[in-house]
Every structure is written in structure tokens, then in C-alpha cells.
Amino acid sequence: MDPMAEIRLTFFQECEEQLTALENGLLGMQEGSADSELVNAVFRAVHSIKGGAGAFKLNTLVSFAHVFETALDKVRSGSIVPDADAMKLFLRAADALSDLVSASRDGAVLDTAPYAAIEEEFDALLGGAGGAAEDDDFQSLDFQPVTTAFSGEDAAPEATTAPARSSFLIRFRPLRELFAKANDPLALFRELTRLGRLQAQCDIKNLPFLDTMEPEDSYLSWELRLESDCDIAAVKEVFDFVDGDCDLSIEVGLPAQPAVMAAAPEASGPPPRIVQDGQADVAVPPPSVAPLPAPAEAEAAAQPKASARTAVQPTIRVDLDRVDRLINLVGELVINQAMLTQRVLHSSHVRDREVTSSLEELERLTREIQESVMAIRAQPVRPLFQRMSRIVREVADATGKDVRLRTEGEATEVDKTVVELLADPLTHMIRNAVDHGLETPEQRIAAGKAPEGTVRLAAAHRSGRVIIEVSDDGAGINRPRVLQKAIANGLVPPDSQLNDSEIDNLLFLPGFSTAQSISNISGRGVGMDVVKRSIQALGGRISIASSPGQGSTFTLSLPLTLAVLDGIVVTVDEQTFVIPLTAIVETVKHEQSRIHHVGEHSFVLRVRDVLVPLIDVGAELGVRPPANQVRSGVAILIETANGSRSALLVDNIQDQRQVVIKSLETNYKRVDGIAAATILGDGRVAMILDVDALVGLRHHDWSSTEIPFAKAS
Amino acid sequence: MNATILTVDDSRTMRDMLRMALTDAGFRVIQAEDGLHGLDVLRQEMPEVIITDINMPRMDGFGFIEAVRQDAKYRAVPILVLTTESDEEKKLRARRAGATGWIVKPFDPVKLVSAIRRVAA
């Protein structure tokens with residue numbers, strides 16, 4: 001990649017980081033934090049985006065960032081106190097800035113109207129035209145592309161081609177401040193020689209005797225004659241940095257004389273010469289002032305360095321491919337280690353305690369490596385949560401509701417893919433919470449609540465899974481209305497008697513919508529059924545809790561990683577299968593007395609007075625033919641993602657263990673009822689059951705044989 | 001020119017750009033991410049010129065310049081500050097802190113090198 005393209009890439013990556021910092025900071029400010037470093041961080045984020053954008057000539061981005069930054073600078077200096085309205089403007093500006101960055105990155109054509117509107121609001125905030133004028137000025141800057149190839153020497157003008165040479169007489173007397181700022185007359189003179197022919201004469205008459213000399217003071221002055229074709233501005237520019245730190249006069253127009261040398265020596269001092277090192281001794285303090293640190297000192301100096309390092313966690317960027325390859329290899333390692341253990345224990349070494357303890361150590365280490373490697377893919381949910389605050393603002397604006405988003409547990413880490421795939425369902429849930437969950441401020445006041453509603457988004461680790469809760473303090477689910485709607489839509493029979501939880505779960509049925517009208521907020525053709533399916537696709541579950549007048553909570557339970565799975569290893573007709581532990585409720589005895597025959601090859605099992613379908617896994621997957629008598633074995637009660645229960649009949653249970661998921665689709669092809677494959681300790685391939693699909697297959701069978709489950713009870 | 005330049009900037013983009021422009025011009029470039037980090041680097045290196053940003057976390061450009069100027073060993077090292085626009089107030093503040101000169105961002109490589117030449121001994 002060409003270096004500029006690479007830097008451009010870095011710039012946009014950095015923009016993302018800055019935008020995150022910006023939003024974080026603004027939210028912190030909105031929460032009422034008076035930390036000045038917070039305002040600084042916010043300012044820096046915008047400033048930094050502007051700086052980079054300028055280099056890439058992203059002028060729209062630059063000018064917007066500039067107006068934003070100007071306002072933030074005023075906050076920083078205390079001349080604007082950010083009230084609630086100002087904070088809202090800042091947050092909207094942050095969203096707009098984010099859009100601008102994306103558009104700039106993708107080279108999209110921009111509708112500048114919304115940005116102009118925000119800029120106008122900023123102007124109003126800044127108190128009128130002052131900011132705008134400055135802004136125009138700024139926009140007119142022509143940014144130089146930095147791709148120009150150059151070497152230090154190219155910049156020198158070619159004196160020989162100059163048609164009109166003029167002569168400059170420069171009188172220059174540095175003050176001690178010039179040296180204090182580490183400026184060096186020699187460097188300036190050298191720069192002048194690049195403009196043309198230079199003669200310099202040093203005046204040393206003020207130089208005191210050595211015993212009275214103050215080493216950091218300035219005693220010398222120069223008279224310089226420059227013959228050059230450049231204009232006076234170029235000469236002045238050389239002295240730009242020392243402006244105010246020297247006495248300087250530049251006279252122009254003296255006729256260029258070949259004998260400048262002869263005209264120059266009017267002083268009685270030494271003959272004119274191009275100054276070399278004379279004043280450098282003055283500029284640089286004598287060595288005694290600047291002793292090299294003694295070894296002990298140097299060591300002491302190294303101490304704070306170590307602490308500084310720990311303050312900033314060093315990071316490296318790695319291709320995701322490499323991480324995934326590593327995860328895959330570790331997966332193989334886990335399998336291999338399990339195989340090795342099994343083989344050794346079955347061989348004659350079994351009594352050798354050293355061998356077994358080494359194997360245990362190997363297993364522990366392998367597991368630790370696996371966990372560490374998985375942790376590489378883990379990412380905090382923070383960025384995801386931050387995106388949600390924007391959603392909340394947008395929906396709140398569109399619905400005229402006052403909403404505050406509270407987030408908890410943003411540092412909770414989840415697998416990168418899970419985080420990515422969670423964005424859409426979470427967005428929808430947040431939209432729902434604001435649009436359907438919360439009441440309007442008037443309704444809230446009428447209900448005796450604060451006009452501002454709260455949406456809470458929380459993440460936490462709980463027993464090897466990630467729990468994400470989206471809750472609101474709104475009116476709660478209107479159950480009579482939900483039921484009415486479900487009946488009207490033909491989702492449940494008119495005479496249905498459903499309990500609260502059953503009614504709540506109707507929300508997850510395809511084609512359900514409680515909104516009075518299809519609003520353009522939540523109703524984007526996506527219902528909670530799609531949310532539920534996305535969560536299930538991640539190996540997760542979703543549940544609702546709601547109480548009238550107090551609000552609703554949607555709880556997501558997700559796996560930490562998609563690469564391993566806790567499962568129960570079962571045998572069916574000498575084949576080995578794995579049932580995901582998350583689907584399993586319990587194992588149940590299946591005495592003949594509890595089994596009811598409900599049709600050809602169809603049975604139900606009574607579990608505590610509830611009848612559940614009994615599914616013969618072997619028959620279902622075609623491992624063996626369906627039987628008319630229930631085989632002996634073990635029944636495992638499972639719950640599918642939609643909450644319905646079934647019992648799976650297997651021959652026996654071997655083990656409970658963590659297995660590494662190997663895609664069946666990429667290695668073979670998709671098989672109904674099978675989610676993936678894994679390799680067991682003994683080297684055999686085992687299929688991981690797709691419990692939901694398996695139950696689905698079963699339902700399909702039933703409808704074809706026309707034996708409704710209801711008749712059995 | 002094989003002089004060493006220390007660049008202090010919290011923005012990776014800016015560090016990368018400076019590195020590219022300076023390396024192209026034949027300088028050796030060492031980098032720091034903020035003022036404190038810059039002081040760390042100075043304990044091990046003696047650059048000919050320092051280029052520093054102003055707005056940085058932990059220790060900003062003003063603090064960094066003051067700290068460098070207070071250290072007898074580094075008080076004669078020229079420091080150029082990066083300013084985004086010709087912000088007079090920040091420029092003046094940086095000069096009062098002891099900055100030798102300034103570079104206006106977005107910088108033109110030719111001007112960048114000429115600024116360095118004007119301060120490098």
C-alpha cells in the first residue's frame with residue numbers, strides 16, 4: 001500500500017477512537033462531571049480529527065470540526081457554561097461528526113444542510129458572527145497535499161536565474177530571550193544564505209570581559225547584507241521565530257553592488273567574516289551547568305519511566321485471521337491433548353503416577369492456553385453500548401420523549417463476533433424500549449413519574465455466559481392489549497387462557513406488532529421475532545419480565561465465545577452426539593408408565609403432570625428406523641429457544657464436557673438437525689445436535705400425520 | 001542530514017505523517033505519544049530538534065516545553081510546536097513556555113523542513 005493510503009487508513013481508525021472518546025466525554029459531562037480533563041479530552045478528540053482531516057483535504061470535515069472545536073474551546077476556557085441545551089447540541093454535533101467521518105472515508109456525496117444547521121446553532125451559541133468569520137477565514141485556507149516528494153536541497157532558490165536582484169541590509173541584535181528559546185543566530189544566517197549571497201559582520205564591542213560575562217546573556221549584534229532576488233517577506237519569514245526576541249531592522253532597495261565587502265567595514269573591529277561558531281558558545285550553556293546524570297541519577301530517572309509505561313497499556317494490532325488461526329490451532333491442541341490422555345490412561349502407563357500428574361498438568365495448561373487465546377477475541381461491549389446512546393437520542397427526538405440512557409458493565413467482554421452480531425438486535429430492542437416502552441412526558445407526569453424516562457442497558461458475566469439486560473421504567477407490557485392483538489391476528493385461539501408470562505412471550509411471535517400505527521422508529525419491518533432469532537443464532541436466549549406501571553426488562557443470555565460449547569456427550573445406536581448444555585433442562589426417568597403412545601412412532605412423556613413430546617434422536621436423524629415401542633435409554637428434557645419443551649431419547653449419557661466447534665457446513669454440508677461437529681478425545685467425530693431444528697423436524701412430522709398434540713391430553 | 005528529530009503527538013495519523021515527511025527529508029525520527037512519554041524518551045535520546053503537538057493527554061505541549069526548558073541538559077534543544085491554524089494565542093503561550101518556533105498544520109513538507117533548518121544548530 002502506498003504510504004499515504006496507509007496513513008489515511010490510520011487516520012480513519014483513529015477517528016473511530018476519537019469519536020468514541022468524544023461521545024464518552026460528552027456523556028460524562030452530561031452526567032454533570034466537572035472534571036476539566038473530561039472537557040480537555042472532548043476538545044482533543046475533535047481537534048485531532050480536524051488536524052488529520054486537514055492533511056487529507058477533507059474540507060467539509062475540517063470546517064465542521066473547527067466550529068465544533070471552537071465551541072468546545074469556549075467551554076474549556078469557561079466562557080460558555082454547557083447547559084442541557086448546549087450538551088444536546090454537542091451530542092448531536094458528535095453524531096454529525098461521526099457521519100461526516102464515515103462519509104469522508106467512503107467518499108460519499110454529502111448533503112451539507114444538516115451540518116450547516118448545526119454550525120448555525122454553534123454560531124448562535126458562540127454569540128453571533130465572531131465564530132463564523134473565523135470559520136470562513138479558515139475554509140479559505142488552501143491545504144497543501146503532503147505527498148510531494150522532496151529533499152532538503154530542492155527548496156533552495158536558484159540564485160543564478162534571478163532577473164532582479166535586490167540588496168537587503170539587516171541589523172540584527174538577539175536578546176537573551178532568543179537564546180532562552182533555543183534559537184540560534186547561526187541557523188538563521190545559514191537560512192539567509194539559501195536566499196542569496198550573504199555577508200555578515202559581527203559587532204563585538206559590547207562583549208564584556210570574561211570575569212563579568214553572564215553566560216546566558218546576549219552581547220553580540222550583526223549587520224548583514226543579503227543579495228537576493230527574493231522579496232522582503234521571504235527575508236522576514238526567516239526571522240519569524242525570533243520576532244520579539246531580537247532587535248531587527250531590514251532595509252531594502254540598496255543597489256546591488258559587487259563591492260559590498262568594501263562598503264561594509266566601517267566599524268573598526270575585526271574584518272567582516274561569515275560568522276561561524278562565535279555565538280554558539282553563548283547559546284549553549286557551558287558543560288558545568290549541564291552535568292551528565294550520574295549513574296545513580298540515571299537509574300532514578302528510569303524509575304518513573306516504568307510507571308509511565310504501565311499507565312498506558314501498550315497494545316498491538318493483529319489481523320483477525322491470525323487470531324482465528326491461533327484459536328483453531330489451540331482447538332486442535334485441546335482435542336489432541338484429550339486424545340493423548342485417553343490413550344495413555346488406557347495403556348499400561350496408567351499406574352505411573354508421574355505420567356498421570358504430567359497429563360493433568362498438560363490438561364490444565366492446555367485449558368489455560370485455550371482461555372487466554374479466546375480472550376484475545378474478547379472485546380468489551382462498551383463501543384456497542386455507546387452506539388446505543390445515539391439510537392436513544394434519535395428515537396427520543398423523533399418521539400418527543402425525554403430519555404436518559406444508563407449503561408452498566410460496559411467493560412464486560414464478549415467474543416468479537418458476538419459483539420458485532422448483537423448490534424442489530426440490540427438496536428431494535430433499544431428503539432422498542434424508547435418508542436413502545438416509555439410513555440410521553442405528559443403521560444409520565446400523569447402517572448406520578450418523573451417526566452424523563454430511563455432506559456437501562458446493562459451487561460454482566462454470569463455463570464459462563466454474558467447477560468445483557470435492556471430495561472425501561474415505562475408503563476410495562478399492556479397485557480390485555482397484547483392478548484387482544486394476538487387473538488385478532490389469529491396467533492392464539494379466541495378463548496385462550498394465558499398466564500402473564502405466556503402473554504409476554506406472544507411478543508416474540510412472527511407478525512406481532514402492538515404499536516397503534518407502524519411508526520418509523522421501531523416498525524422497520526423487523527419484529528421481536530427477528531430479534532429472537534438473531535439471539536438464538538448466537539446461541540443465546542431472550543426472556544421478558546414486565547410489571548404494569550413500572551416497566552419491562554428484556555434479558556439476553558449469550559455465550560462468551562462461539563468457538564467452544566459446553567455439552568453433554570450421548571450415545572445413540574453406537575453413534576456419539578453432543579447436546580448443547582444451554583438447551584438442557586434436566587434428565588428424566590422414562591418409565592413406561594409415564595409414556596403415552598399418541599400415534600404411529602409418536603410418544604409423549606409425562607414430566608410432573610406436563611406432557612412433552614418424546615423424540616427418538618436416532619429415528620429422527622435416520623440412524624435407525626422408528627420403532628413402535630419406546631426403546632430403553634435416557635430421556636433428556638430440553639427447552640428450545642422459543643421456550644417449548646421436549647424430551648430427547650438417547651441410549652446413554654457418556655460425559656459432560658467442553659467441545660471445540662467445527663463447522664459442518666464448511667467441511668461437509670449442512671445437515672438438518674445438526675448444528676456442527678466436534679472431534680472427541682478418542683479422535684472420533686461427534687455431531688452437535690441443533691435442538692431447535694430437531695424439534696422443528698418433529699413438528700413437521702406431526703402435522704403430516706395429523707395427530708394434534710392437544711388430543712393426547 | 002542525519003539529525004534526529006523527536007516528534008511528540010498523541011495522534012497516530014500526525015505521527016505517521018511527520019515520520020514520512022521527515023524520513024523522506026533524511027532525518028532520523030523518534031516518537032512519543034504525549035508530553036510525559038516525550039520526557040521519557042529524552043532520558044535516552046538527545047534529539048537535535050523536538051517537534052511537539054499542544055493538545056495531548058497526560059501532559060500537554062506547554063507542560064512538556066516547560067519541563068524540557070527546565071532541564072539544563074535540554075534547554076538548548078530547539079522545540080517546534082504544531083499548531084492547527086495560526087492560533088496566535090496558543091503560539092504565544094508556547095513561545096512563553098520556551099518554544100523555538102512553530103509549524104502550522106496541515107503542514108507542507110517543504111515548510112516543515114525549512115522550519116527545522118531555521119532552528120537546527
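## A tour of the model, stop by stop

Select A:Glu574: it has 9 C-beta neighbours inside 10 Å, so it counts as exposed.

Before moving on, a note on the model. This is a predicted model, in which local features need pLDDT of at least 70 and side-chain atom pairs count only at pLDDT 80 or more, while totals for chains, interfaces and linings use all residues. Residues are numbered from 1 along each chain as its sequence is written, and chains are lettered from A and ligands numbered from 1 in the order in which they are written.

A:Glu574 sits in the loop between β12 (564-572) and β13 (575-580) of chain A. Those labels are DSSP runs numbered from the N terminus: helices are H or I with at least four residues, strands are E with at least two.

Now jump to A:Ala182. This residue is not a glycine either, yet its phi is positive, about 65°. Look for A:Ala182 in the loop between α7 (176-180) and α8 (185-195) of chain A. Is A:Ala182 buried or exposed? A:Ala182 has 25 C-beta neighbours inside 10 Å, so it counts as buried.

**The sheet**

Select β14 to β19 of chain A. These six strands form an open sheet with mixed pairing, in the order β14-β18-β19-β17-β16-β15. Two strands pair if DSSP finds at least two bridges between them.

Zoom in on β15(A) and β16(A), residues 602-607. They pair in the antiparallel sense over four bridges. A:Ile595 has A:Leu605 of β16(A) as its bridge partner. The hairpin of these strands has two residues between them, and A:His601 takes a positive phi near 60°.

Next comes β17(A), residues 610-616. β16(A) and β17(A) pair in the antiparallel sense over five bridges. Here A:Leu605 has A:Val612 as its bridge partner. This hairpin also has two residues between its strands; A:Arg608 in the turn has a positive phi of about 45°.

**Helix α2 and the core**

Go to helix α2(A), residues 36-55. It has 20 residues and reaches 29 Å from its first C-alpha to its last, close to the expected 28 Å. That expected span is 1.5 Å times one less than the number of residues. How many residues of α2(A) are buried? The count is 16 of 20, so the helix is mostly covered. After α2(A) comes A:Lys57, with a positive phi near 60°.

Pick A:His47, which is found in α2(A). A:His47 is buried, with 24 other C-beta atoms within 10 Å. Leaving aside neighbours within four places in sequence, A:His47 is in contact with A:Glu69, B:Asn55 and B:Thr84. Contact means that C-beta atoms, placed from the backbone, lie within 7 Å. A:His66 is 19 residues from A:His47 in sequence, and their C-alpha atoms are 7.6 Å apart.

Now colour the nonpolar cores. In soluble globular proteins, nonpolar side chains tend to be buried together. A nonpolar core is a set of buried Ala, Val, Leu, Ile, Met, Phe, Trp, Tyr and Cys residues joined through C-beta atoms within 7 Å. The largest one has 98 residues, and A:Val42, A:Val46, A:Ala65, A:Phe68, A:Leu97 and B:Ile79 have the most contacts inside it. Helix α2(A) gives this core its largest share, nine residues.

Centre on A:Phe68. Beyond its neighbours within four places in sequence, its contacts are A:Val46, A:Ala93, A:Leu97 and A:Phe122. Another core, of 44 residues, lies apart from the largest one; A:Phe577, A:Leu621, A:Val660 and A:Ala686 are among its members.

**Chain B**

Switch to chain B. It has five helices and five strands, in the pattern β-α-β-α-β-α-β-α-β-α along the sequence. Buried residues make up 57% of its 121 residues.

Last stop: B:Pro106. The peptide bond from B:Lys105 to B:Pro106 is cis, with omega near -5°. Find B:Pro106 in the loop between β5 (101-104) and α5 (109-119) of chain B.

Conventions. A residue is buried if 20 or more other C-beta atoms lie within 10 Å of its own, exposed if 12 or fewer, and partly exposed in between; C-beta atoms are placed from the backbone. Two residues are in contact if their C-beta atoms, placed from the backbone, lie within 7 Å.
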